[in-house]
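Trainee: I have a model open and want to learn how to read it. Where do I begin?

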Amino acid sequence: MSAPSPSTWAVVLAAGSGSRMRADRPKQFLEFEDAPLFWRSAQTFAGMPDIAGIVFVFPPAMLDASARIAEELFSRQPFGLPWKTAPGGKRRQDSVAAGLAVLPKECDTVLVHDSARPFFSAGLATRLLDALSDEIPAAIPALAVTDTVKEVESGRVVRTLDRSRLYAVQTPQAFRRDVLEAAHELSRSENLEATDDASLVEALGRPVAVVEGESGNVKITTPEDARLLDKEAVMIPVTGFGYDVHKYGPGRPMVLGGVPIQGGPEVVAHSDGDVLLHALTDALLGCMGGGDIGQRFPDSDPAYAGMESSLFLREVLEDARRSGLEIVHADLTIIAQIPKVGPHRERIVKNVAALLGLPPERVAVKATTEEGLGFTGEKKGIKSVAVVTAVRRG
Ligand code: CTP
Ligand code: MG
């Protein structure tokens, strides 16, 4: 008998008062992309196949009004996911406990998330869930600290901490539900104070795995941070360019943009020889200043023989997102005498868009011949160029 599939719920904390932000309302209700800020976290969770439902924890005094706002947002963007609300508590940990209290019976895994961190990616949440196991009941995202950190008392340095052992911790944090509940139970009986949930699991003496966090996953805390919500003011455009060539000859069946091209000439290649995804991957690397595909996945490495190029693309895409880049558009051109690209274009657009997590209208696939000139004209090979536009949160 196979194990029952896990039921994972996200608890989105939106019950703080945002005192340091000093805005006219709690910061999770500030406007961001035509919705209150907390909605962005819900959108990211709702886009994950692993999420079975969402609990929103709202300020008790605003519970009904906030539930109505959520209702309206779900009707605008119907994700088909169950959701619930809970009234928050005085401290963050009280709000988490209130969220846990309304989880449905079947839920066995929980992602606890601060809605003040709107920019985390679904990939991060998935990596956290993947890090859980029978032995590891908790996983958190963290980034190595780059500043030197000192302990200070009354304006004097007490000591300098060993930076190589210090990590700054983010949310979402992933937990097995039973262990997280036991941790909160312990915090109640022992009067423990904690600014994140993992600390309570640590107090239980259970292991907490660390997954690499995302530099873009910042917490909106002060009026200074609020500028991150003003998209135009802080989005720095980035462009990456990629170019790739493959020779025709006995080798591998032709694949373009992950779509098999029946009847197309075979290509000589180490991986699957997808010239379009290679150019696209190089363009993504170009957005990051991340070297090129040959450096990243060397031909000489037998591990990459026959490898599907979509796997290269996925890996580079994860890196791009981790470094705070949001991909917004891809413009691709295939240059070949044969095969004819037209009949395959729509499927290529769809597939590339799905790989990039973009709507199809943000992926252009064009094709041209070189009028019989050069190696493409002589039907000796195929080339592709790609331009990727991304924005970096500055
Ligand atoms: N939070 C909560 N319930 C509380 C306190 C905090 O749900 N009693 C949530 C906040 O809404 C936020 C997250 O926990 O999404 C992280 O807390 P923080 O950044 O400290 O937010 P606030 O407590 O709202 O801000 P401040 O500390 O400046 O008042
Ligand atoms: Mg707070």
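Mentor: We will go through the ligand site, then the domains. Keep in mind that this is a predicted model.

Trainee: Which residues are closest to ligand 1, and how many surround it?

Mentor: Start with the shell, counted within 4 Å. Here 19 residues surround ligand 1. The closest are Gly18, Ser19, Arg20, Ser95 and Lys219.

Trainee: What classes of residue does the shell around ligand 1 have?

Mentor: Sort the shell by class. Eight residues are polar, seven are charged and four are nonpolar.

Trainee: Which backbone atoms lie at 3.0 Å, 2.8 Å and 3.3 Å from an oxygen atom of ligand 1?

Mentor: Look for N or O pairs within 3.5 Å. A polar backbone atom of Gly16 is 3.0 Å from a ligand 1 oxygen. For a backbone N or O atom of Gly18, the distance to an oxygen of ligand 1 is 2.8 Å. For Ser115, again a backbone N or O atom, it is 3.3 Å.

Trainee: How much of ligand 1 does the protein bury?

Mentor: The general idea is area lost. Interface size is often given as the accessible area lost when the parts come together. Taken alone, ligand 1 exposes 560 Å², and the protein buries 89% of that.

Trainee: Where does ligand 1 sit?

Mentor: Ligand 1 sits in the second largest pocket.

Trainee: Now the chain. Into which domains is it divided?

Mentor: Domain 1 covers 7–229 and domain 2 covers 234–393. Their centres, taken over C-alpha atoms, are 37 Å apart. Their contact takes 12 residues from domain 1 and seven from domain 2.

How values were computed
Residues numbered from 1 in each chain as written. Chains lettered and ligands numbered in written order. Predicted model: local features only at pLDDT ≥ 70, side-chain atom pairs only at ≥ 80, totals over all residues. Heavy atoms only, no water. Polar contact = N/O pair within 3.5 Å; in protein donor to acceptor, adjacent residues only side chain to side chain. Areas by Shrake-Rupley, 256 points an atom, 1.4 Å probe, with all protein chains shown as cover. 1 Å grid on protein atoms, 1.4 Å probe; cavity = no way out; pocket = protein on both sides within 12 Å on 5 of 7 lines; lining within 4 Å. Sits in = over half its atoms within 2 Å of the grid points. Nonpolar A, V, L, I, M, F, W, Y, C, P; charged D, E, K, R; others polar. Domains from an automatic or database assignment. Contact = heavy atoms within 4.5 Å.
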